[in-house]
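Thanks for coming, everyone. Please look at the structure on the screen, and I will walk you through some contacts and bridges.

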Amino acid sequence: MKKVLSLLLSLCLLLMLLPAGVAEGVTPMKFIQISGKEAGYDAATARWNELHPEAPVTVDYYSSVYEVIEASLGIGSPEYDIIAIDSPKVGDYGLKGYTADLGPYVGDVIDTGVYLDSTLNYCYYDGHLTALPITAGISFLYYNKTLIDQAGIELREITAENRLSFEEMEEISLNVLDAVDPDRTQGYSGIAFSQANLIYQMLQLPTSMGAAGLVNDQDLSSTLHTDGWRNAALYYQQLIDEGVTDPCLDNPYNFEKFMSGKCVFMLGTISFLSTIRKIQDSEIVITYNPVFADYSIPAAPTGSWCVGVSAFSQNKEKAAEYVQFICGGEGHDIYIETTNGFSAAKADAEALLNDENADYALQIGTYEVANAAVPRPVTPYYTTYETVMNEFWRNVASGADVGEAIETAIEAYAIYMQ
Amino acid sequence: MLRVHKAVPYLMISAACLLLLVFRVIPLFYSLLGSVYIDGVFTLDTFEKLFFHDTIFWRSMWITVKLNIVVIPLQIVVSLLLALLVNQDLKGIGAFRTTFMTPFAISGVVNCLIWGLLLAKNNGVINSLLNAFGLPSQGFWSDKNQALWCIVAESTWAGSGYWMIFFLSGLKGIDTTIYESAALDGCGPIRRLWSITLPLMRRTILFVMVANTTANLLLFTPMKTITNGGPMGSTNALMYEAYKSSFQFNKPARSSAIVSVLLVMIGLVCALQFFLLRDKDETKAKKGGAAA
């Protein structure tokens, strides 16, 4: 028995040591990405690994990717060579020294000419190129036509010039709820913000009322002490109080609820498109973002996902080559084809605009990018802004006094900016 | 008799000591240093800002104190009562012990998800029950006056079964003949509990108090999983504030300073508990022995 145990232990030890052995001349690299994008990145990376066996890439996916990046790059760890960067964080990571300057590789392994200017502009920090865009994100209004039909409501024609208003959506929602869930016990809701209480999504409300996302990145008072922000917060509370919108305090993601067919409208990004089209039981329609009746300002949340090279990578040049491959090369084509994503490449956008038979939803997306896009504030303090503003919207959703929530956010921002 | 070399016991505990050193002591010192060394320069600026200019820190401190003043005694009393209940020689008592212990066997995150759903404002189980009896829905997690007490309820539910096991082992260690003698002398159950059980459980109670204090001062999962420190910062305890400071606001020095304050708090509370629960007879005997 002892001999068997010893043998087993030795075998385990051997198995543990095996991965430590790396073939000579091979420089493996690691890429950290957010969960939910596995299919596209795995397919593209598999192709890279075929073409570049001397520099294979493995991708680690985390739902809390920002925290892992902070923990790893915050101590200068060289563990990750390539990092996912949400566009507003380009400045933040540049300020902290997490990202390498890609300038030296432009022309050699990087071709900036292939990217849409609107998305590439996000990728500079202090004049240095520190990331490349892979996808452009834009939000749509999705609605469940089956539910609206069930309530006997006939929706008017919606065009870019004659968009649905938030007030109309609210009224339709209440009518649908009265028809399908009169005692409000079946869990139906009217308007879902796909990323409820998160600034990416919620910025749509104040900006649709003409307010700026961030007036001064040194303090929030000039931003939040405006009618736009105050009225947007009050309107959001009204939707929650009426039961039109779920406060989503413990889970900000409303997508599943919309997928279940229990929600009339959803304001959500293009990333949901391919999944939503698989819904069998309900007819889902994609249309332009709504406006407030008194303002008529269309405001579609937007942003792009970027990829950068860690400042602590030991293989910066090869990592930069991979970044170009995945953002603007063959890997990018594989990624877009696999995920049906909204490309940040110039050629893809031009092809879409010139193609009369192109996907209707992608055409709306292209129109919204050009005419209604509301980029998130570009500031090196974006993470602080985002965290404080997410807390602000959660407080509003929980029913806090709006004035008190505004002052709390201003105070918190001032302290964290010290 | 077999003679063991003096070094053998030290060798035996060396592995545990090494692990403690690597995973506890070194990170602790690293954290302390992180709060006073910024860019390689020694400074107390972080503490100065924290103590004199940081209202969020003081609010978090108050929330931590408020939470622990309630949750520590509550968990100890509930777990002791549970231990006394399951310390009976009854048929099927093992099933009760297992049931009470079950919440601890479930992942803390899962516990929090369950409680999140139970006490959800919209369509939560408890609110549905309240509505069924004609009572109005409560905010629970979304009410700034209730969220902290929901955390108290969740952590008491999750932790009491665990601490019960320690009390139970303490109870099992008490010689039953003492109870028999007391019963013969006419002592009732309350008197037996007060004069026999509790004094003889002093060491167990002390251990549970110290371990429980440490666990609750560092409570994090419900804040991270359910409330995110809200609403309106009402559950933003110090440990969660330290996490946010480090991982969301990129202020590792502030985070280290908050953790250092927590460490001092834990040390002080534990010292107080040791002092209050010290065995006076044993202390006297030691002093007497030393004098002799």
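Let's begin with one residue. At 28% relative accessibility, A:Glu411 counts as partly exposed. The cut-offs: buried means under 20% relative accessible area, exposed over 50%, and partly exposed in between, with a 1.4 Å probe and protein chains only.

A word on the source. This is a predicted model, where local features need pLDDT of at least 70, side-chain atom pairs count only at pLDDT 80 or more, and totals for chains, interfaces and linings use all residues. Residues are numbered from 1 along each chain as its sequence is written, chains are lettered from A and ligands numbered from 1 in the order in which they are written, and side-chain values use heavy atoms, with hydrogens and water left out.

Back to A:Glu411. Which side chain does A:Glu411 meet in a salt bridge? The partner is B:Arg59, at 2.8 Å from N to O. A salt bridge here is a side-chain nitrogen of Lys or Arg within 4 Å of a carboxyl oxygen of Asp or Glu. A:Glu411 lies in helix α19 of chain A and B:Arg59 in helix α3 (residues 55-86) of chain B, so the pair joins two chains. Helices are DSSP runs of H or I with at least four residues, strands are runs of E with at least two, and both are numbered from the N terminus. B:Arg59 is partly exposed too, at 40%.

Next bridge. A:Glu67 and B:Lys224 meet at 3.9 Å, N to O. This pair also crosses between chains, from helix α3 (residues 65-73) of chain A to helix α11 (residues 221-227) of chain B. A:Glu67 is buried, at 16%. B:Lys224 is partly exposed, at 29%.

Now one inside chain A. A:Glu330 bridges to A:Arg47, with the closest N and O atoms 2.6 Å apart. They sit 283 residues apart, A:Glu330 in helix α15 (residues 330-339) and A:Arg47 in helix α2 (residues 38-51). Both are partly exposed: A:Glu330 has 35%, and A:Arg47 has 25%.

How many salt bridges are there over all chains? The search finds 21. Some join up: A:Glu391, B:Asp54, B:Glu241, B:Lys244 and B:Arg254 are linked in a network.

On to the cores. A nonpolar core is a set of buried Ala, Val, Leu, Ile, Met, Phe, Trp, Tyr and Cys residues joined through side-chain atoms within 4.5 Å. The largest has 62 residues, and A:Trp229, A:Phe392 and A:Trp393 are among those with the most contacts inside it. Helix α19 (residues 402-416) of chain A gives the largest share of this core, 9 residues. A second, separate core has 47 residues, including A:Met29 and A:Val90.

Look at A:Phe392. Beyond its neighbours within four places in sequence, A:Phe392 is in contact (heavy atoms within 4.5 Å) with A:Trp229, A:Ala233, A:Ala405, A:Ile406 and A:Ala409.

One more helix, α7 of chain A. Its residues 166-180 reach 21 Å from first C-alpha to last, close to the 21 Å expected at 1.5 Å a residue. That expected span is 1.5 Å times one less than the number of residues. Among its buried residues are A:Phe166, A:Met169 and A:Glu170. The buried residues of α7 pack against several elements of chain A, including β6 (132-144) and α11 (227-241).

Finally, the whole of chain A. It has 19 helices and 11 strands. Of its 418 residues, 55% count as buried. Its C-alpha atoms fill a box of roughly 70 × 55 × 50 Å, taken along the principal axes.
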